[in-house]
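Colleague: I have a few questions about this model. Could you take me through it chain by chain?
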Amino acid sequence: MLFTSYRFIIFLIVLFVVYYLIPKKFQWILLLTASYVFYSFAGVKSLLYVMITTISTYLISRKLNRIQTIQSDYLKENKETFSRDDRKAYKALMKIKQRKWLVFCMLLNFGILAILKYTDFTIGNINSVFDLLKVNNELPMLGFVLPLGISFYTFMTMGYIIDVYREKYPCEKNIFKLALFISFFPQMIQGPINRYDDIKETLFAKHSYDTRNVSFGLQRILWGFFKKLVIADRLLVAVSTIVRNPDDFQGSYVLVGMFFYAIELYADFTGGIDITIGVAEVLGIPLKENFERPYFSKSITEYWRRWHITMGTWFKDYLFYPISVSKSMLNLSKKCRTRYGDAIGKRVPVYIATIIVWFLTGLWHGAAWNFIVWGLGNCLVILISQECIPLYHKFHSKFHVQHLFWYRLFQVVRTFWLMSFLRTFDCYRNVPTTFKMYGTIFTKLNLKELFQGGLMKLGLTLSDYFVLILCVTVLLVVSLLQRSGSVREKLAARPVLLRYATYFVILLAILLLGAYGVGYDASQFIYSQF
Amino acid sequence: MKKKILINIAALCFAILILFLLQKLFMPKYISEIREGSLIAEYYDEVKDHDVMFIGDCEVYENFSPITLWEKYGITSYIRGSAQQLIWQSYYLLEETLKYEKPKVVVFNVLSMKYNEPQKEAYNRLTLDGMKLSKSKINDIKTSMMEDESFISYIFPLIRYHARWSKLTGEDFKYMFEKDKVSHNGFLMRTDVKPVTVIPKGKKLADYQFGENSYDYLDRMTKLCKDNNIELILIKAPSTYPYWYDEWDTQMVNYAEKNDLTYINFLDLLEEVGIDFSKDTYDGGLHLNLYGAEKLSEYFGKTLSEDFGVSDNRNDSSTAKIWDEKVDSYYAMEEDQQRELVEYGYLKSYGALVQITEEEE
Amino acid sequence: MKKIILLITIMLLLVGCSKEAKDPANDADQENDTTQGSNDAQNNDTADDTATQDHQVVGFSFEYNGVKVPMNVEAAPVVEALGEQTDYFEAASCAFQGLDKFYYYSGFELDTYPLDGVDYISSVVFSDDSVSTVEGIYIGSTLEEIIKAYGENYTEESGLYTYTLGETKLTILVENNVAAAITYLAIIEGLQP
């Protein structure tokens, strides 16, 4: 079910009404039912995968919990008799036991994800190697269909089991509650990737009708629809035209494509998240923010703290830190320190962990080389900027520009374009083509052509551009306002007439200016096939 | 607390009002362009008392003149035709019409038998948007909808036409609540002339059998008329294109025989009707113009009155009064169209595009 | 010094990674079709487009007197090259939703459809056996000859054999084991074949 479909809207209306009418203790059960209903629209077969993940994680998390309980009980019992070493040895033994189960669970669930998502990619690569070696064999593609949101819910679930392993919190004893955590429908399309302990208080709680929650939630949903239908879907027309015809649109068009794509992806992704968080808010369940005005970032590292936040933190907590502080990594670091010196030695674990994380981040985005290159590209830029820190310090101690508005603006613009360049791998989805297009930026100087009718060849009319300029400006203003506090709070303090007028204007904008209906391509949220 | 509820209700009502007005504004008005879009809706304002109903596609609303039928035979008729009206759309229109009145004769143009499935969203709109909401309309929508269409966009057409915000013209404001009539009891008048030069030959088909869906609705139509004691006449209008295959004609002859219906193929009666394809068509033979339509109506009116006993209502004063007005506006439009032809060379205000004359080609 | 060497080495390594990633990227063309986890809504066609990027019309095309008549291209230059028609017909549909044009030549008919004010070739229909396809099939050719010329990759229904190539179709109506009608068609969404 697409967010921007009539079916979803009706689904929401029915859900909201029933949710606040039924006895509160059944609310989470209603949510579970609704989530499964929602999911079955994406394919009943896919439900099977969700259930496998749910059941396996539940059973194994209970197993882990049991081992931990046994461990703590045993240790308590033998508090007197056990020496420190005994305790350590026993704990280590238990840890190994737990790890076996953890690894099994992760292999199973990540395995499902890997097989469904990356088999054809692997086969394709093998086939190219065959081609290269002039072997006449060709493996057939298997064409697996990805269950909706598998990348998101697998990560969420694995995060949960790792947390249980780390004894961050006890496991969830009710399998249906765990099922709800895993399959909670708003997050199934594009996240955010929630943590169990963040959400468990509110997800299963009793919720009374709260005007503020409902009103703010609905406003947020409205805002999400606005971004998605009016801005993102409109820009998609132009971006598609540029990207699907790389021969016709080179040079400055590539820059236009980058720029439009940057705005389109932002509007689409954050719009979808707005709808997600708004829906949860109406239900009384606050979710973690996934974006924090990322285009105002001044550096790439800051950008990745503000864009797709939950993905970044997931990779940091469950991949980066474990790798960089793992025994093998520390050993390697020690070896490098003794052989190559301190500077290299202390960098080795960080660098390797970073490269692995970014390789996997890229891979997570898609089973294609362009995503991997994109991930590694980001990695490269981050590492270079890390290395350049002493240079920056030198520069700033000489030229005191750090506090100047213009310098900060320069940083923002620079970061924006840097990320847009990197994101181009996303656009053409073909690495050689992307590099070729980069080249044409410098070789084909057709800036004039853009303003002599070129912009009209992208599928957008003059009125479309007018709408875009107006609405992106509104978007910008709202983002600027947000820096000093929630815009909805500010709106709530205004007279009721102004509030209602604002809602109505946004609703009208969506209704009239939205790029939907016959004549517009129905497009899905960009991250929906994860 | 009460104040809050009142404010909310007031806001809601206001919002609904604005949306209602916007919908009225955004609906295409079909006055200066694509006048065919106005046809279906015009029926509802009529005094619904017609002895003959025509249903079908442009081959009915361009080829028959109810005014001629009235003037020559006193027959009261209405043409519920629309652009590329599909057979199930004809059926549901008929079903709806029977809730308003019971004609003695229903005339259906069988060209639409060739379309077994929905064809174009644009034509669906031209036929369906004009219908008042009813069970028939709902069934019609469901049967006509193409893959990329949504049911809700028919209930709230604002959803379909919202993109017109950048194309609104003065006409959209002027005709928001009331429109001028474009047709004469469903007849769309064209007085321009474009003679037939080429009659395209039909391309060979693999399969000439009309589809199951088409036959199903033809059966339903036959039953509906029989159940209501209505005489159903199947016709094929005299147009040179789309090609009417012999194999199709045979099927209709057989169907009519099997179901005890009359089937008239006017393509076989061109001489009797007196059609002159150098003068009687405005688009090279696809449709008749006013002169062709009047000839055809005069011929067909005779059949209706003599063979089917459709009564002459010219003595009924109340009916005559209504029809006298119609006759006046009919000839007034003819005059106006003639004037435009002289002034502009083409029917500028009547939706015609500038015709390329043969010399210019 | 060591730091700089290491930095350059790492950079080279990383850049090297990217370059290596570039080479087997030809298979990215195939992957794109099956990639579900795409970051974009512009999913399926990118691969096809990169394959047929040069606007070469991949499909059946007719030839007459040395003039190539491909499907779905702009009609005007082709019509001009073909010279004088024997006849011409404009087929306005109801409510003037587009004006199809039929150009009649000796032995065949060329049909066009309008899109955004420009006419494109929608089909070529043989009217007699005086013309033949590029592969030598004409009205009267036997079914054997047809299959020999075009192969077995066809769909058949009620005697109508349809071969598809790119965005074009070649349909041959076979009656009594010989070709009775031959038509080239452009595959256009929403257009009646």
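Modeller: Start with a definition: the radius of gyration is taken over C-alpha atoms, and the globule rule is 2.2 Å times the number of residues to the power 0.38. Bear in mind that this is a predicted model.

Colleague: What radius of gyration does chain B have, against that of a compact globule?
Modeller: Chain B has 361 residues. For that length, a compact globule would be near 21 Å. The value for chain B agrees with this: 22 Å.

Colleague: What share of the contacts in chain B, between residues at least 6 apart in sequence, joins residues at least 24 apart?
Modeller: Chain B holds 15 helices and 5 strands. Contact here means C-beta atoms within 7 Å. Count those pairs at least 6 apart in sequence, and the share joining residues at least 24 apart is 81%.

Colleague: How much of chain C is buried?
Modeller: Chain C has 5 helices and 10 strands. A residue is buried if 20 or more other C-beta atoms lie within 10 Å of its own. Of the 193 residues in chain C, the buried part is 33%.

Colleague: Which helix of chain A gives the most to the side that touches chain B?
Modeller: The contact draws 16 residues from chain B and 13 residues from chain A. One helix of chain A, spanning residues 496-513, supplies 6 residues to that side. The top contributor is helix H21.

Colleague: How many charged residues are on the side of chain A that touches chain B?
Modeller: Sort that side by residue class. There are 8 nonpolar and 5 polar residues. As for charged residues, the side of chain A has none: no charged.

Terms used. Residues are numbered from 1 along each chain as its sequence is written. Chains are lettered from A and ligands numbered from 1 in the order in which they are written. This is a predicted model: local features need pLDDT of at least 70, side-chain atom pairs count only at pLDDT 80 or more; totals for chains, interfaces and linings use all residues. Helices (H or I, at least four residues) and strands (E, at least two) are DSSP runs, numbered from the N terminus. Two residues are in contact if their C-beta atoms, placed from the backbone, lie within 7 Å. Ala, Val, Leu, Ile, Met, Phe, Trp, Tyr, Cys and Pro count as nonpolar, Asp, Glu, Lys and Arg as charged, and the others, Gly among them, as polar. A residue is buried if 20 or more other C-beta atoms lie within 10 Å of its own, exposed if 12 or fewer, and partly exposed in between; C-beta atoms are placed from the backbone.
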